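Here is a friendly walk through a model, starting at a ligand and moving on to sheets, helices and a few backbone details. Please keep the viewer open as you read.

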Amino acid sequence: MNSSVSETVDQSIPKEVSEKLTMVEAVNLALDHAMADDQDVVLLGEDIGVNGGVFRATQGLRDKYGLKRVMDTPLAETLIAGISVGMATQGLKPVAEIQFMGFIFPAMEQLICHAARMRNRTRGRLTCPMVLRAPFGGGIHAPEHHSESTEALLAHIPGLRVVMPSSPVRAYGLLRAAINDPDPVIFLEPKRIYRAVKQDVSYDTAILPLDKCFTLKQGNDVTLISWGAAVKETMEAANTLQEYGASVEVIDVATIKPLDMETILTSVRKTGRCVIIHEACKSFGVGAEISAALAEEALTDLKAPVERVTGYDITMPYYRMEDHYLPKPDDIIKAALKTLSFH
Amino acid sequence: MKAKEYCHIPYIRYLSDEGEALHRLPAWTENSDVLVDYYRSMVIARAGDAKAVALQRTGQMGTYPSALGQEAISTVCCSLLEKEDVLIPYYRDLPGLMKRGIPLSDVLLYWGGDERGSASEAWGKDFPNCVPIATQAGHAAGVATALKVRHQHQVAMVSMGDGATSKGDFTEALNLAGVWQLPIVFIINNNQWAISVPRKIQSGAPTLAQKGVSAGLTSIQVDGNDVIALHEAVNAAIKQARSGKGATVIEAITYRLGDHTTADDASRYRESEELQEAWGREPIKRLRNFLYQRGLWNEEKEQALQKEAAALIDKEVKRYLNTPLPEISDLFDHHYAQMPAQLEKQKQHAIAKAEAMNMGGVHS
Ligand SMILES: Cc1ncc(C[n+]2csc(CCOP(=O)(O)OP(=O)(O)O)c2C)c(N)n1
Ligand SMILES: [Mg+2]
C-alpha cells in the first residue's frame, strides 16, 4: 500500500466553519474529524476508497488520508469484521463500513464471538475499540436484502453497543462518540433519511453520550418512542396530534443498547401513555424490550396498555409493496388516539 | 517459487478480438447451427438487457445490473445445460436465464421489485437470483450433494463474479466439491471489477481459477468473450461432472462494459480508455465477424434478427408493465406452509389498512 497521497494534502480542520449538512455528509464530516484528531483511526470496507462508499459516506477521505488509513478491502464481510477485531486489539481504531445492513450477517460470528467478548475473555487485557457502520432500512426502492432493519439481532448481544442516529447533528455527535468509545459500537445509519434534512454541523458540534435517549418534543399526554428513519413519521404524527389538542412527548432512542430506560421511564411516568414505533418486525424486537421494561418498572403509572406500531413479522417486501410494510404517520396517530382514549 | 511458476492454469481461446480463428477450431463448429444460435441468443439478450436499463432510467423499474459485454458466458453455459440440470445463477445472468426458457417478463418483474418474478413454473428447480455475494456457492454444493446421494446424473452449475471469490463461502464450497467429488461447474464471471474494486486489488493470486487447484478441482481460464472457447470449456466441465469425476472451476475473462448497476457511476473510478479498449474485445461483434467471414450471416439476417428481438422484448415488457400488483395477502401467505395465528392477525390488519387508505403499491 502507498500512502503518499496523504502527505500532499492538507489534513487540518477548518474548525470554526459550520455548514448545512445532510446526515450522510455529517457522517463523512465526523469520520474526517475523527481521522484528523487521531492517527489511529482507520477506515475499511468495500468500495469506500476512490468510490467514496456507495452512499458517499467516505467521499474524499482516501485522497485526504491515504491508502493506509482508508482501505478498500476484498469482498468479504467476515474478514472485514475479523481484521477490525485484530486491528483494534493492537491499538488502532478501525471504523468499518458494511455496504448494507443486509450483508452484516457474515460478520456476525466475529462480532458475537470475538468483538463483543474480547474485553471480558481477557479481563480487559485486550479490547475492541472498533466501529462497524452500516446503512439500513427500507423505503428507497432498493433490491432484495437492501432494506431490512435487524437492530434487534445486534442489540441482543452482550458487549456490543448499538447506536442509530436520526438527524445530521446526532449522526455527527454519536459517530464521534462511537469512535472514541473503548468498546465495539454498531452504528446503524437510516439511509431513507440520509438526505432528508440539513442541519448546521461543524467541529464544534457536540459529541453526544452513547447511553442517553433524546427528547425531541416535550408533552404531557402521551409518549411516542422511536428511532432511526421512523422518527420522521413519528414527528409528523406528533405534529398532527398536537393539532388535535394532544400534548405529545417524542423520544428518539438513538442509543438502542445499552438502553437509557431512565429517560423513557421519566417520560412515561409523566404521561402514563406510550406508543413505540419501529420499522423492524414486531416480534422479539427492541419495542418488545422497552414495553417489557415499562411493564416491570412503571405498570402502576401506565394509564393504558403500551401500543406498538411496527413492521409486520414478514420478510421485508421487495420494493413494489414495501410501502405496505412501513409504519405510516396515520398508524401512529391511530395508536396514539387509542391509548389516549383508553380508560 | 512464485505462484505463477508452480500453478499453471490453462487458458483457452479460439477467436481473435476480430473474430478470426487463431488455431484449428473444434469439429463441432462445422455445425453452424450452434454458433448461429449463440449469436442470436446474445443479440436478443443484449437488447433485453438494454431495455431493462432503459426501464430503470425512465422510472419503470428498480436498480438493475446490466450484463453488457458479458453475454457470451451466461449464454453458452446455459445452452449446454440440460433442462434437468440445476442452475444457481447470480444477478448478472439475464442472457442465461432467457436461454433456460425463463420469460424476460419474469426477470423484469423481479428487478421491478416483485418477488413473483422468481415464482413461475418456468424456473423448474433452478434457484432465484442471489443477492448476498457468493452464498449461492454453498447452495450449489448442496444441490450437487442431493444429486449425488440420489444417484442422479444431473449437474449443478453456479455462477458468480470475480469479487465473490474473495468470500469464504466460495472457498468452502470449492473445498467440499473437491473432497466429496461433487458434480458442480463453478463459473466465475471475471469482469475485472467488483463495483469500484479492480481485479488486481481483489486477490493477489495471478488467476482466480487457481483457487480451484487448492481444492483439487480441474481449474481453467477461458476467454469469456469467445463462445467457441467457452463451449469447449463448459462442455468438458459438464461431461466431467456428469460422469462422476468431480467439479471444475472455469474463470471466464471478460469485461463489465456497463456501470455496476443502474445505481452506480463507473466514471468515478474507471478510466475511459480502459473501457474503450474493452469494447474492442466484446463478444457479439467478435462472433458476428466470424459468422460473416464464414458466410453464415449477412445484413438481411441481422435486420430480421433485430426485428425479432424488438418484437419479443416489446411483448415481454408489455407483460411486465401490465402485471397487476399482488394482493396484500401475498406478502404474508408464503412464509410458512401453515399460517401462524399471530401472522394471520397481522395480515388482516394489513388488508384492512390498505383498504382504509386505498393504498396501492409502486406502479411500474
Ligand atoms: C455479501 C455481500 N456483500 C456486499 C454486497 C454488495 N455488492 C453487490 S455486488 C458487489 C460486487 C460484486 O462484484 P463481483 O463479485 O465481481 O460481481 P459483478 O457484480 O462484478 O458481476 C457488492 C460488493 C452484496 N451483495 N453481498
Ligand atoms: Mg466483477
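In this predicted model, a side-chain N or O atom of Asp162(B) is 2.8 Å from an oxygen atom of ligand 1. Backbone atoms take part as well: a polar one of Gly163(B) is 2.8 Å from a ligand oxygen, and a polar one of Trp193(B) is 2.7 Å from a ligand oxygen. The table puts these contacts side by side.

| Residue | Part of the residue | Distance to an oxygen atom of ligand 1 |
|---|---|---|
| Asp162(B) | N or O atom in the side chain | 2.8 Å |
| Gly163(B) | polar backbone atom | 2.8 Å |
| Trp193(B) | polar backbone atom | 2.7 Å |

Let us turn to the sheets of chain A. One is an open sheet of seven strands with mixed pairing, and its order is 3-2-4-5-7-6-12. Its edges are strand 3 (70-72) and strand 12 (255-257), each of which pairs on one side only. On average, and with direction ignored, neighbouring strands here are turned by 20° against each other. Inside this sheet, three bridges join strand 6 (residues 161-163) to strand 7 (residues 185-190) of chain A in the parallel sense. Helix 2 (residues 23-37) of chain A lies across strands 2, 3, 4, 5 and 7, and runs at about 135° to strand 2.

Chain A also has an open sheet of five strands, in the order 9-11-10-13-14, again with mixed pairing. Strand 9 (214-217) and strand 14 (307-311) are the edge strands, and each pairs on one side only. From one strand to the next, the twist averages 25°. Strand 10 (residues 222-226) and strand 13 (residues 274-281) of chain A run parallel and are joined by four bridges. Ser226(A) has Ile277(A) of strand 13 as its bridge partner. Helix 11 (residues 286-298) of chain A packs on this sheet and touches strands 10, 13 and 14, with its direction at about 155° to that of strand 13.

Next comes a pair of helices. The axes of helix 4 (residues 77-89) and helix 5 (residues 108-115) of chain A come within 7 Å and cross at roughly 25°. Angles under 35 degrees count as roughly parallel, so helix 4 of chain A is roughly parallel to helix 5 of chain A. Which residues make the contact? Helix 4 contributes Thr78(A), Ala81(A), Gly82(A) and Val85(A), while helix 5 contributes Gln110(A), His114(A) and Ala115(A). By class, this contact has three nonpolar residues, four polar ones and no charged ones.

Finally, two backbone details in loops are worth a look. The peptide bond from Lys257(A) to Pro258(A) is cis, with omega near -5°, and Pro258(A) belongs to the loop between strand 12 and helix 10 (261-271) of chain A. Asp47(A) is not a glycine, yet it has a positive phi of about 65°. You will find Asp47(A) in the loop between strand 2 and helix 3 (61-65) of chain A.

How values were computed
Residues numbered from 1 in each chain as written. Chains lettered and ligands numbered in written order. Predicted model: local features only at pLDDT ≥ 70, side-chain atom pairs only at ≥ 80, totals over all residues. Heavy atoms only, no water. Pairing = 2+ DSSP bridges. Axes fitted to C-alpha atoms, helices over the stretch in contact; angles between N-to-C directions. Contact = heavy atoms within 4.5 Å. Parallel < 35°, antiparallel > 145°, perpendicular 65-115°, else oblique. Nonpolar A, V, L, I, M, F, W, Y, C, P; charged D, E, K, R; others polar. Polar contact = N/O pair within 3.5 Å; in protein donor to acceptor, adjacent residues only side chain to side chain.
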